[in-house]
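Here are some notes to go with the structure you asked me to look over. Keep the sequence and the view of the fold open while you read.

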Amino acid sequence: MFQTNMVQSVLKGLDPIHHKAVSLTPDQVFNGKITKLYPGQLASLQLGGLTLTAKLEAALTAGKRYWFQVQPGEGIPVLKVLEMQGEHRNSGNGEQALRQLGMSNTKVNEMLVSHLAKEEVPFFRDQVKNGAQTLKELGMANERGFSTVQALIERNLPITPNTFLAMQSVIDGKGLSIQLEEIYGVLQRESAKQPALQQLYDMVHKIRSEATINLDRPYVVEALNSFLSEGDQSPKSKYWQNELVKLGVIKNNTSSQQLLAQLKEMVTVANEKQLRTLWPTISKEEIISLINQGKINRLFSSVVLGTGAKQNLQPLLSFFSKDHEFSYNNDNTLLKQLTSIIKLVGYQYERDVSNFFQQQNNSSEKLLLQLKSSLIEAHKLDLPSSLSQKVESILHRITGQQLLLSNQEGPITNYAVMVPLRLLGTPTDLTIQWQGRKNERGKLDPNHCRILFYINLHHLKETIVDVQIQNRIVSLHVINEHEKPGTLINALRPTLKNALFDLNYHLSSVKWSQPNVRTTNNQNRNIPRHSNDLYQSNRSYQGVDIRI
């Protein structure tokens with residue numbers, strides 16, 4: 001899938017910070033390779049894709065792998081070479097490392113340590129102990145389980161069955177939007193049998209309603225064009241009719257001929273000023289002529305959203321809907337929707353609970369009416385096994401997202417959140433990651449930051465938008481498997497530029513690239529493996545020199 005192929009390459013290709021730094025803590029153990037020896041007892045040590053400069057105080061051989069343990073002390077980190085015996089002396093053998101750490105040589109312990117050695121991940125003794133115990137308890141001593149423990153270790157998170165399941169849910173579980181759709185159907189039936197489930201049903205219903213995005217501006221023009229061009233007898237006509245009904249543009253059973261007749265009637269009675277906002281390059285007579293001749297493609301290709309797209313869309317839709325005004329989500333409304341969904345899901349549930357007990361007022365009580373609190377209450381009930389599993393799965397998903405919500409890397413702060421949405425009736429998750437330094441007020445500096453959006457769109461499918469801001473100058477990079485829609489980008493660029501200008505930002509560039517297309521400068525050479533790589537592991541901002 002594109003999702004499993006893209007995200008890591010975007011972050012690794014565009015964010016070199018994570019490839020120039022590593023953090024080592026006393027008592028950590030890792031398996032590294034001496035790549036080269038230099039005069040003056042210097043050597044290059046490979047660790048996690050990084051190359052560190054080491055001052056050698058032990059006899060080591062270039063090209064060999066060794067187990068190292070970070071020693072206590074100030075200044076430059078000191079590494080101790082763990083003594084190994086026999087044929088595995090210079091290798092990533094887990095059995096020998098376990099013996100040196102004074103741990104029992106169980107199969108799970110050895111497999112986990114060998115996995116961490118292969119991935120060159122530094123770890124503590126207790127992390128292996130807790131990780132192995134969790135893997136045995138959950139019956140997950142396999143590659144999938146080892147990768148999940150690795151993710152917890154890299155982010156320095158506690159390793160328990162709950163955190164393991166939460167992390168695994170984010171790594172390879174279903175998206176939150178899909179899980180909400182599934183449980184919604186079950187709750188519709190079960191809430192009638194168990195009134196105690198009503199609160200959970202109401203909360204899921206509220207989130208689904210809030211998450212519904214009614215309109216994709218370019219898409220509605222395409223849908224109208226296609227529906228009117230195809231004609232009622234075309235096999236595709238029903239599809240476009242259903243799309244327009246979903247968008248709220250037309251009512252059920254409205255035929256293309258009826259809609260076309262209505263368009264002609266509305267154009268006939270409209271004044272020149274109204275028509276100029278949509279068709280600035282053609283006259284009223286030409287518009288009517290195009291309708292009469294059935295030249296629908298030319299008619300819609302002449303529609304210009306221009307710099308006033310938010311205002312121009314409503315007049316366009318009014319030509320097709322005499323009985324009701326179409327509801328358009330402007331930018332402020334969309335921002336409010338996203339903020340509301342994040343609060344409703346309960347990503348800050350524990351903090352809100354703490355505030356509730358400190359304040360004990362009505363407004364605080366309302367904060368507890370969140371999806372996570374409703375799921376916790378529902379989980380206490382005697383539920384059918386299928387529903388109980390869905391409740392538990394969503395709880396793990398939310399908790400996993402909370403674990404990855406923020407990450408501090410020296411002066412760089414990362415925030416990431418997944419927001420469930422419904423686009424054209426289809427569930428999808430919007431992932432947003434912010435990265436940057438904090439300003440003097442402790443907030444992310446809006447003058448210098450990076451914002452990454454990942455979403456599965458109706459027609460473009462899986463898409464990443466990478467926004468980088470320097471001195472309030474914005475560069476936009478869209479990564480998508482489809483070819484660049486140059487005409488559409490050129491049409492919408494003035495709208496984007498003016499909207500950013502209103503916020504005191506300046507658009508410098510809009511770039512489009514396909515992740516599977518090799519470019520001459522190898523821009524897309526890093527192919528990602530997992531969507532969870534949006535969340536970078538905890539590595540420090542400063543480079544590190546070491547002594548061995």
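What share of the contacts in the protein with a separation of 6 or more comes from residues 24 or more positions apart? The points below start with that and then go through single places in the fold.

1. Overall make-up. This is a predicted model. Residues 24 or more positions apart account for 62% of the contacts with a separation of 6 or more. The protein has 548 residues, and 47% of them are buried. Its secondary structure consists of 21 helices and 14 strands.

2. Searching the whole structure gives five aromatic pairs. One of them is formed by Phe 30 and Phe 68, which are tilted, with 5.5 Å from centre to centre and 35° between the planes. Phe 30 sits in strand 1 (residues 29-38) and Phe 68 in strand 4 (residues 65-71), so look for them in distant parts of the chain, 38 residues apart. Phe 30 has a relative accessible area of 0% and is therefore buried, the cut-off being under 20%. Phe 68 is buried as well, also with a value of 0%.

3. Trp 67 is buried, with a relative accessible area of 1%, and Phe 123 is buried with 0%.

4. Helix 6. This helix covers residues 161-172, which makes 12 residues. From its first C-alpha to its last it reaches 16 Å, close to the 16 Å expected at 1.5 Å a residue. Its buried residues are Thr 163, Phe 164, Ala 166, Met 167, Gln 168, Ser 169, Val 170 and Ile 171. Which elements do the buried residues of helix 6 pack against? They pack against helix 4 (125-138), helix 5 (143-154), helix 20 (385-403) and strand 8.

5. Asn 109. This residue lies in helix 3 (residues 107-119). Is Asn 109 buried or exposed? Its relative accessibility is 5%, so Asn 109 counts as buried. Leaving out residues up to four places away in sequence, Asn 109 touches Leu 98, Met 103, Ser 104, Val 128 and Ala 132.

6. Cavities. There are two cavities of 30 Å³ or more. The largest cavity holds about 40 Å³ of space. Its lining is made up of Ser 177, Leu 180, Glu 181, Ile 207, Arg 208, Ala 211, Pro 420, Leu 421 and Arg 422. Which elements each supply at least two residues of this lining? They are helix 7 (176-193), helix 8 (198-211) and strand 8 (412-423). Sorted by class, the lining has five nonpolar residues, one polar residue and three charged residues.

7. Lys 461 is not a glycine, yet it has a positive phi of about 65°. Lys 461 is in strand 11 (residues 461-470) and is partly exposed, with a relative accessible area of 45%. Asn 471, likewise a residue other than glycine, has a positive phi near 55°. Where is Asn 471 found? It is in the loop between strand 11 and strand 12 (473-480). With a relative accessibility of 55%, Asn 471 counts as exposed.

8. Phe 501. This residue is part of helix 21 (residues 486-502). Phe 501 counts as exposed because its relative accessibility is 55%, and exposed means over 50%. Phe 501 and Arg 472 are 29 residues apart in sequence, and their C-alpha atoms are 9.9 Å apart in space.

Notes: Residues numbered from 1 in each chain as written. Predicted model: local features only at pLDDT ≥ 70, side-chain atom pairs only at ≥ 80, totals over all residues. Heavy atoms only, no water. 1 Å grid on protein atoms, 1.4 Å probe; cavity = no way out; pocket = protein on both sides within 12 Å on 5 of 7 lines; lining within 4 Å. Points joined across faces, edges and corners; volume = space filled by probe spheres on them. Helix = DSSP H or I, 4+ residues; strand = E, 2+ residues; numbered from the N terminus. Nonpolar A, V, L, I, M, F, W, Y, C, P; charged D, E, K, R; others polar. Expected span 1.5 Å × (residues − 1). Buried < 20%, exposed > 50% of the residue type's maximum accessible area, 1.4 Å probe, protein only. Contact = heavy atoms within 4.5 Å. Phe/Tyr/Trp six-rings, centres within 6.5 Å; stacked < 30°, edge-to-face > 60°.
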